[in-house]
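Subject: Structure handover

Hello,

Here is the structure I promised to pass on. Please open it first, then read my notes below.

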Amino acid sequence: MTYAAPSTLSNTATNTHTDLSARHVRRGQTLYYAGDSSPSLYRLESGLMRAVRLTPQGRNLTVRHIHPGDIFGEETLHSQARAHQVVALTDAALTPIHPEHLSAAELWDLTRSLSAQLQRMMTDGVHIQDGDLRERIARYLLNLADSTLGGQHADGARYVRATHELIAEGTGATRESVSKLIGEMRDDGLLLPAYRCLTLIDETRLKGLSGYHG
């Protein structure tokens with residue numbers, strides 16, 4: 001996937017601990033890259049973003065998803081460069097937070113947010129590693145269906161707006177392997193693929209396949 005040029009949002013530091021005006025990032029835009037300076041934290045107000053790392057094999061791997069309410073960009077707390085590339089999966093709104101004057105209550109909110117994300121990352125890590133790829137794809141799609149990338153057709157069937165490449169990067173696989181298995185899952189009546197969209201035809205069987213407990 002070719003990502004857009006770096007956003008200038010990370011260069012908007014002010015003298016206040018929080019800039020209350022939300023900034024907007026378009027789908028596919030990169031907020032910052034690994035190695036960039038880290039002048040601020042961010043709180044995601046709406047949308048869905050993800051942190052991406054380049055593997056030694058040259059493939060992108062989704063390290064974590066960033067959901068509304070999450071505070072991220074924690075490298076600034078250690079005066080370190082950004083560790084990951086952060087990309088908007090949907091149009092998103094976020095607020096820069098400058099930590100030097102955070103109140104005790106705001107520090108507690110930050111701690112709880114980072115703790116919740118750590119727990120989610122540990123769960124997602126198991127999801128990437130546990131089971132064969134077919135199971136991992138089913139699990140990942142069910143998780144995405146509960147996110148901003150999910151939606152529902154008029155007949156009640158849920159869908160996920162995702163490319164095969166995104167699914168590959170979220171399951172630690174290659175796009176070719178994912179495409180092959182999605183074709184098989186279509187033939188088995190589990191999914192209905194369309195352009196950048198996958199309808200979950202049989203969620204009961206998908207949940208059974210994935211071990212999903214959401």
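Helices (H or I, at least four residues) and strands (E, at least two) are DSSP runs, numbered from the N terminus. This is a predicted model, in which local features need pLDDT of at least 70 and side-chain atom pairs count only at pLDDT 80 or more, while totals for chains, interfaces and linings use all residues. Residues are numbered from 1 along each chain as its sequence is written, and side-chain values use heavy atoms, with hydrogens and water left out.

**Overview**

The protein chain has five helices and twelve strands. Of its 214 residues, 45% are buried. Buried means under 20% relative accessible area, exposed means over 50%, and partly exposed is in between (1.4 Å probe, protein chains only). Contact means heavy atoms within 4.5 Å. Among contacts with a separation of 6 or more, 70% join residues 24 or more positions apart.

A cavity is a set of points, on a 1 Å grid over the protein atoms alone, where a 1.4 Å probe fits but cannot get out; lining residues have an atom within 4 Å of a point. Grid points are joined across faces, edges and corners, and a volume is the space filled by probe spheres set on the points. The count is one cavity of 30 Å³ or more. The largest cavity has a volume of about 50 Å³.

Which residues line the largest cavity? They are Tyr-32, Ala-51, Arg-64, Ile-66, Phe-72, Gly-73, Glu-74, Glu-75, His-84 and Val-86. That lining divides into five nonpolar, two polar and three charged residues. Here Ala, Val, Leu, Ile, Met, Phe, Trp, Tyr, Cys and Pro count as nonpolar, Asp, Glu, Lys and Arg as charged, and the others, Gly among them, as polar.

Look at Glu-75. It sits in the loop between strand S6 (71–72) and strand S7 (85–88). Is Glu-75 buried or exposed? Glu-75 is buried, because its relative accessible area is 8%. Its side chain reaches the backbone nitrogen of Ala-83 at 3.0 Å. That is a polar contact: a pair of N or O atoms within 3.5 Å, where within protein one must be able to donate a hydrogen and the other to accept it, and residues adjacent in sequence count only if both atoms are side-chain atoms. Leaving aside neighbours within four places in sequence, Glu-75 is in contact with Tyr-32, Ser-38, Gln-80, Ala-81, Arg-82, Ala-83 and His-84.

Ser-79 is in the loop between S6 and S7 too. Ser-79 counts as exposed, at 70% relative accessibility. Its phi is positive, about 55°, although Ser-79 is not a glycine. Most residues other than glycine have a negative phi. Arg-196 also has a positive phi, near 55°. Arg-196 lies in the loop between S11 and S12 and is partly exposed at 41%.

**Thr-90**

Thr-90 is in the loop between S7 and strand S8 (92–97). Its relative accessibility is 8%, so Thr-90 counts as buried. The side chain of Thr-90 reaches the backbone nitrogen of Leu-48 at 3.0 Å. Beyond neighbours within four places in sequence, the contacts of Thr-90 include Val-25, Arg-26, Arg-27, Gly-47, Leu-48, Thr-148 and Leu-149.

**Helix H5 and its surroundings**

Helix H5 covers residues 203–210, and its buried residues are Glu-203, Leu-206 and Ser-210. Seen down the axis of H5, they fall within an arc of 60°, so they line one face of the helix. The arc is that of the directions from the helix axis to the C-beta atoms. An α-helix has 3.6 residues a turn, so residues three or four places apart point the same way. The face of H5 turned away from the buried side carries the exposed residues Thr-204 and Gly-208.

What covers the buried residues of H5? The cover includes helix H2 (133–145), strand S10 (158–160), helix H4 (175–187), strand S11 (191–194) and strand S12 (197–200). Just after H5, Gly-211 takes a positive phi of about 75°.

Glu-135 is in helix H2. Glu-135 counts as partly exposed, at 23% relative accessibility. Leaving aside neighbours within four places in sequence, Glu-135 is in contact with Leu-209 and Ser-210.

Thr-171 lies in helix H3 (residues 164–171) and is buried at 2%. A polar atom of the Thr-171 side chain is 2.8 Å from the backbone oxygen of Ile-167.

Best wishes

Note on methods
1 Å grid on protein atoms, 1.4 Å probe; cavity = no way out; pocket = protein on both sides within 12 Å on 5 of 7 lines; lining within 4 Å.
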